[in-house]
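The sequence and the three-dimensional structure are shown first.

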Amino acid sequence: MNIGQEVLQLLKEEITEVEYNRYIKQLVYDIKKSTSDLGVFYAPNALVCNWIKSKYREKISHLFEVKSGSKVTISITLKDHLNMKKTKKIIEQKVQHSLLNPSHTFDNFMVGGSNQFAYAAVKSVSEKAGEVYNPLFIYGGVGLGKTHLMQAAGNVFQNQGKNVIYTTVEQFLNDFIRHVRNKTMERFQEKYRKCDVLLIDDIQFLSNKEGIQEEFFHTFEALKGAGKQILLTADKHPKKIGGLEKRLQSRFEWGLVADIQPPELETKIAIIENKCELNKVKLSKDIVNYIATVIDSNVREIEGILSKLHAYSQLMHVDIDLAFTKNVLKDQLQENRANLTLDIITQSVAKDLNIKPSEIRSKGRSKNLVYARRIAIYICRELTTSTMPQLAQYFGMNDHTAISHTIKRINELIINDEDFKVKIEELTNKITSSS
Ligand code: ADP
Ligand code: MG
């Protein structure tokens, strides 16, 4: 038995027989592609693949660590994609740097008002690498398709045989540290400064990390100087990323900065239909519409919901109808809410408004503190089961009448102040979709 099979046997003991037979048993370990720090598995279809990734990947990785004593990254992909002869060679050449998801293509990206600007920008970069916008900087909230778009361009470049590096700031940093430790910095520089296209995801994590900013700055200069395309994503505009060197911030704005907004209802519907098609799930129009209205903005939730619907309907041998969907989603929405605590909400509000959580809970009366506190109290009231006295205690107020006054005031504001209302909605969406 090889290590991959051994790990799956260990996992078998930890889960139910039904789960094992339905999902894990279908995994195939690729001993040739796996290395001491990468375990490669194939799944037979997208649903099994997604389901295993979301539910078992960490467990599998942990069991590998138990068995081998070192950290192992787990890759689970569809068999078909890797078997395609045409791309096989290219993938083999490039796989060390670039883990692009082959289904992140432009064709699979649904375009609507909310994302058409970013889509057009990335598309034109993919057609003229290094020539139009360099760097191209895409920013927007969680799950709105930044990684998908960036990888769509990456896939185009990769199919042209270009040397593409796709990485996150975290991986870039880990790689950097490893090469510093092994005294192989020339190899690090060679790798990142000699590629054709550099895609770095979630660049906001550079914030306050001076060492890696310095290294990234030189990488940037080398690539830009050589006319190589750089594509970056972040959760906010470069100007809003704190703790970033001025020279980097200004370079991020040299090319084009494009935003992605939360999808409108029609775009959400199109995305759901597209995901159903990709995953071979059949849903009636009313179910699609229902899902589109209950999920907030985070598109990532859609895939989770589809896997869940599929898995439940298989396990329970029932068809997916509207009543069933509502039931499954009810659980999902409650699960989301159950994880939310006053601390999490307060931290999110504080982060968004650039103040400290402790200030929200202080007695400070400055205008922006009062504003932040109102928002935090309102969202805590909406999303948790805390009582007024509990809220009063948490937010350092005298008693529950103070809280009830505040909530009354907020309700007035929501009616009369459009900006305030929008801010509350935006933050509520953000908090519920990232929980
Ligand atoms: P982000 O990087 O912005 O957090 P992702 O790119 O990871 O978001 O997107 C989350 C999921 O939603 C992915 O599975 C992606 O394919 C899907 N997605 C997001 N936007 C779209 C879209 N417009 N069309 C199709 N799928 C989308
Ligand atoms: Mg992303």
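## Asparagines with positive phi

Asn354 has a relative accessibility of 68% and therefore counts as exposed; exposed means over 50% relative accessible area, buried under 20% and partly exposed in between, with a 1.4 Å probe and protein chains only. Asn354 sits in the loop between α16 (342-352) and α17 (357-360), where helices (H or I, at least four residues) and strands (E, at least two) are DSSP runs numbered from the N terminus. Its phi is positive, about 60 degrees, although Asn354 is not a glycine.

Asn208 is likewise a non-glycine residue with a positive phi, near 65 degrees. Asn208 is placed in the loop between β6 (197-201) and α10 (210-225), and at 54% relative accessibility it counts as exposed.

## Basis of the model

The model is predicted: local features need pLDDT of at least 70 and side-chain atom pairs count only at pLDDT 80 or more, while totals for chains, interfaces and linings use all residues. Residues are numbered from 1 along each chain as its sequence is written, chains are lettered from A and ligands numbered from 1 in the order in which they are written, and side-chain values use heavy atoms, with hydrogens and water left out.

## A cis peptide bond

Asn134 and Pro135 are joined by a cis peptide bond, with omega about 0 degrees. Pro135 belongs to the loop between α6 (116-127) and β4 (136-140). Most residues other than glycine have a negative phi, and most peptide bonds are trans.

Asp175 lies in helix α8 (residues 169-181) and, at 8% relative accessibility, counts as buried. Its side chain makes polar contacts (pairs of N or O atoms within 3.5 Å; within protein, one must be able to donate a hydrogen and the other to accept it, and residues adjacent in sequence count only if both atoms are side-chain atoms). The partners include the side chains of Arg178, at 2.9 Å, and Tyr192, at 2.8 Å.

## The ligand site

Ligand 1 is surrounded by 18 residues, and the closest are Gly143, Thr147, His148, Arg300 and Glu303; a residue is near a molecule if one of its heavy atoms lies within 4 Å of it. Domain 2 (116-260) and domain 3 (265-336) both give residues to this shell, so ligand 1 lies between them; the domain bounds come from an automatic or database domain assignment. α7 gives the most to the shell, with three residues.

An oxygen atom of ligand 1 is 2.6 Å from an N or O atom in the side chain of Arg300.
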